[in-house]
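Reader: I am new to this structure and would like to learn how to read its features one by one. May we begin with the surroundings of a single residue?

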Amino acid sequence: MEKFRSFDEIKKSLQNGDTSCKAIVNHYLENIQTKAHLNAFVEVYTQSALEKAEEIDKKLSTGKAGKLAGMVLGIKDVLCYQGHEANASSKILSGFESQFTATAIQRLIDEDAIIIGRLNCDEFGMGSSNENSVHGNTLNAADEGRVPGGSSGGSAVAVQANLCTASLGTDTGGSVRQPAAFTGTVGIKPTYSRVSRWGLIAYASSFDTIGVFSNNVKDNAMVLETMAGPDDYDSTSSKKPVPNYSELLHFDKRAKIACLKETMHSDALQDEIKQHTLDILDKLREEGHQVEEVDFPLLTYVLPTYYILTTAEASSNLSRFDGVKYGYRTPNAHNLESMYKLTRSEGFGEEVKRRIMLGTFVLSASYYDAYFTKAQKVRRMIKEFTENLLNKFDYIVMPTTPSVAFRFGEHRDDPVAMYLEDLFTVQASVSGVPAISIPNGNDSNGLPIGLQIMANSFKEADLYAFANYLMDLKSSN
Amino acid sequence: MIEETKTAPISTGIKGKYELVIGLEVHAQLLTNSKMYTSDSTAYGNLPNTNISVLTLGHPGTLPKVNKRAVEFAIRMGLACNCEITRRNIFSRKNYFYPDLPKGYQITQDKGPICVGGEVPITLGNGENKTVTLNRIHMEEDAGKSMHLAGETDTLVDFNRAGVPLIEIVTEPDMRSSEEAYQFLTEIKKLVRYLDICDGNMEEGSLRCDANISIMPKGSKTLGKKVEVKNMNSFRNVARAIEHEFDRQILLYENGEDIVSETRTFDATSGTTSSMRTKEDLNDYRYFPEPDLSPVVVSEEWLENIQNELPPLPRELFEKFVRDYDLPTYDAGVLTDSKEIALYFEALCQATQNYKAASNWLMGPVKSYLNELTLHIDDFPIKPEGIASLILLVDEGKVSFSVASQKIYPEMLKSAGRSPLEIAQSLNLIQDSDEDSIKPIIEQVLEESSGKVAEYRAGKKGLLGMFMGQVMKRSKGKADPKVANKILIELLEK
């Protein structure tokens, strides 16, 4: 049996004296080496992780260690960690070293979590397959010919392949939940503004969240409760206090669950995924919960709204990468304009350029009202619909993705087919509500299927408790 | 397209057919210690790229944070101009590429500026009063500076100024002459200095002005195509640029040519403007709401505090000086020109009732001393009470004004703290107003020049001054001129 799959197990071993932080780090380092071909990690902090482990071992022996002592984390390559490179998987940030640490990471370090390395992802978090990375593809450990999902593909595989205890990803439209579904891991996108974005390299500021991958719900809850909360460095971060999610996992109520008709009857939904989802809904009914199918007429507007607004923000957020101050600068320029054009043409990948152009277009004076203003209105409608629904129901349950992990290159020439991967995940992103993906068995080819649960804003505790209950329910079968 | 049009002078007859329409956009750099969205210093004159951090440089992962003090300063200006204050402020991004703009966008306010509407009263040279209506005042951040050093082929950028808070004051197209524009700017400069929010120095760039200028035939209601003129580094140059544009646009109109809606730059040497860019290649700034900042809410309490702490405004003081101190408008204007002089005057008026004398002292001897040594009134060695006792000394007839200003005042400047009376006594300057002691001197003078006395009595009244001069000389300047004059006339008319 694989070791160190849960933080509870790690803590028990540490308490019993069966292991040490150093041994745990070494265990993961070995795994990383053995599975290097998966290309999950783009950089491993071997030296500093081992030193940190020794330091925490000492703390443990004097009883002064933080609550995450023994937890080994990987971080997505869009998070800033002082003195370490942060490339956002882009050539334009090649060689860029961050001069400060993201608030989320700092809070984890303060509780003695060990950061073991930096994880592959789609460039600036733009993609659903991890194929848009200057670091190359990350392979899905369930089938190495298939994508791990994206954009946080490396973070998902790192947990899936037991290369660390848990990992940080970011989720703008499904970038944690979709790869979690593809890899059979637990992945949460918290409520927008729940975790400070200070130190998160922005893709779309009003959507970006930092999320967590783990093997089980409890580990996930522990990481999120540690890094969440108000932050002076992010004026948009919520001032609401953070409950200790990991201590609130007990679930014993009769839940009201909504299931969206348009989602379950979507043409894009694969049969096996549909069946797995129906099965779990049946089981919930059997357990005495109320499950109701409700209309979601706005489903067709969710993706266009998401892509108009996120690309608009991205086109502006990525303007700072111009070769003037840091990162890549073209060697081929002969004047200012050509420096801008060549630096950005050579530095950004195809998908990023596509989104910058799309965003620039929807913000341009002649099209602003037709696209940006309208999309903002629709966003408000979707948000209101979702929140109202979640006032009536405790949870919305649906498949995380319409399909299982696809093959490399399958959507290469069809960006829209790729965008459809996000069909079910963007609703929570557009609305700002929290959503979690948990494993829901495998299809007949052994490929993981994900189940997505949404709750109302700042109801992460309820979300975790229900997710935990569902995991138990499935395994009791 | 670069054109240089040296326009021929246009006859006033032709000029009289047109109306000049001017709107101004004034940027004022706020005197906060830290920048608009970061805690980096705003100190002026530091070595390039020392007032910077990851925030100023727009490093990935950084987020802005609004400087409350800058918001307060903007509100102060808004209250002083009678604007409506926006309670829920959102910010916008103005997107464009330039090396001195670290994030690739400027965080500014587009829809929903902090101050809406408002007005600034101005007084023209002929005494006419006019009110310039404001469109808005909004908050934004400054850009860095590109530097072209000798011997360097590359352009270098200094980001010290990047992120320094600005307010932009935008008027309606309300002004009708270069003088009105000039007076408006003068008033704005006065206001920002009174409010302590900007040092108002246009030459150093802490106050900057762009002018939107158009013409229309007199009586017309439709505004002509507007031309925006930039790069004027003094009030005088703003006026010159407007005059030039007026002529240039009339000439185009008279010749049946199109006036192009464009941005032009002013050249101070030639006094002309030339095209920078036309409307067609204008940037599309793609404004959209800044998602990285939560709205700044101005609470009732906060607004009240700012209102209560607002210093007296130049116009209020002007009116008070005219109304309560009975000063001529000229005096009131000069005294309220600078806040510090006005406050000194106020203090002086607490110590003396002779307001006109107080005004004369301040506008005369005090100002000339400050000008000569280029001192600030804060560094003036004599306290208002000192000047007040000097005024009293003259009013009591103990010394003449000329003795006070030429003999005692210089001593007071040299040794601050010495009372004027003590100086006058020690220098033996107290004038003699005792008729019994002055009369013999006068009698002696008249006796010695009996011929002149006869001439006077025959009608040559102009000789009075000559007799007075003799008397003052004989008394070593100590005879009270008023008393001496009275006795002199008495004796001569006898």
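Reader: Is B:T272 buried or exposed?

Author: A residue is called buried under 20% relative accessible area, exposed over 50%, and partly exposed in between, with a 1.4 Å probe and protein chains only. B:T272 is buried, because its relative accessible area is 3%. The model is predicted, so that local features need pLDDT of at least 70 and side-chain atom pairs count only at pLDDT 80 or more, while totals for chains, interfaces and linings use all residues. Residues are numbered from 1 along each chain as its sequence is written, chains are lettered from A and ligands numbered from 1 in the order in which they are written, and side-chain values use heavy atoms, with hydrogens and water left out.

Reader: In which strand does B:T272 lie, and with which side chain does the side chain of B:T272 make a polar contact?

Author: Helices (H or I, at least four residues) and strands (E, at least two) are DSSP runs, numbered from the N terminus. B:T272 belongs to strand β15 of chain B, residues 272–278. A polar contact is a pair of N or O atoms within 3.5 Å; within protein, one must be able to donate a hydrogen and the other to accept it, and residues adjacent in sequence count only if both atoms are side-chain atoms. Here the side chain of B:T272 has such a contact, at 2.7 Å, with the side chain of B:S270.

Reader: Where is B:N126 placed, and is B:N126 buried or exposed?

Author: B:N126 is found in the loop between β7 (119–123) and β8 (129–141) of chain B. With a relative accessible area of 59%, B:N126 is exposed. A polar atom of the B:N126 side chain lies 2.9 Å from the backbone nitrogen of B:E128.

Reader: How should I read a sheet, and in what order do the strands β5, β4 and β16 of chain B stand?

Author: Strands of a sheet pair through backbone hydrogen bonds, either parallel or antiparallel. Two strands pair if DSSP finds at least two bridges between them. In chain B, three strands make an open sheet in the order β5-β4-β16, with antiparallel pairing. Its edge strands are β5 (105–108) and β16 (288–289) of chain B, each pairing on one side only. Strand β4 (residues 92–95) of chain B is joined to β16(B) by two bridges. B:F288 in β16(B) is the bridge partner of B:R93.

Reader: What span should helix α2 of chain B have?

Author: The expected span of a helix is 1.5 Å times one less than its number of residues. For the 13 residues of α2(B), residues 68–80, this should come to 18 Å, and the end C-alpha atoms are 18 Å apart, which agrees. Eleven of those 13 residues are buried, so α2(B) is largely enclosed by the rest of the structure. Among the buried residues are B:E72, B:F73 and B:R76.

Reader: Which residue caps the N-terminal end of α2(B), and which residue with positive phi follows α2(B)?

Author: The cap is B:N67, with a side-chain oxygen 2.9 Å from the backbone nitrogen of B:R69. B:N82 follows α2(B) and has a positive phi, near 65 degrees.

Reader: How many disulfides are there over all chains?

Author: A disulfide is a covalent bond between the sulfur atoms of two cysteines. The rule applied is a pair of cysteine sulfur atoms within 2.5 Å. The count over all chains is zero. For A:C21, the nearest cysteine sulfur is that of A:C164, 15 Å away. For A:C164, the nearest is that of A:C121, 14 Å away. A:C21 counts as buried at 1% relative accessibility, and A:C164 is buried at 0% relative accessible area.

Reader: How many aromatic pairs are found over all chains?

Author: Rings of Phe, Tyr and Trp (its six-membered ring) pair if their centres lie within 6.5 Å; planes under 30 degrees apart count as stacked, over 60 as edge-to-face and the rest as tilted. The search of the whole structure finds 39 pairs. A:F466 and A:Y469 are a stacked pair, 6.2 Å centre to centre with 20 degrees between the planes. Both lie in helix α16 (residues 460–475) of chain A, three residues apart, about one turn of the helix. The rings of B:Y325 and B:F345 have centres 5.7 Å apart and planes at 75 degrees, so this pair is edge-to-face.
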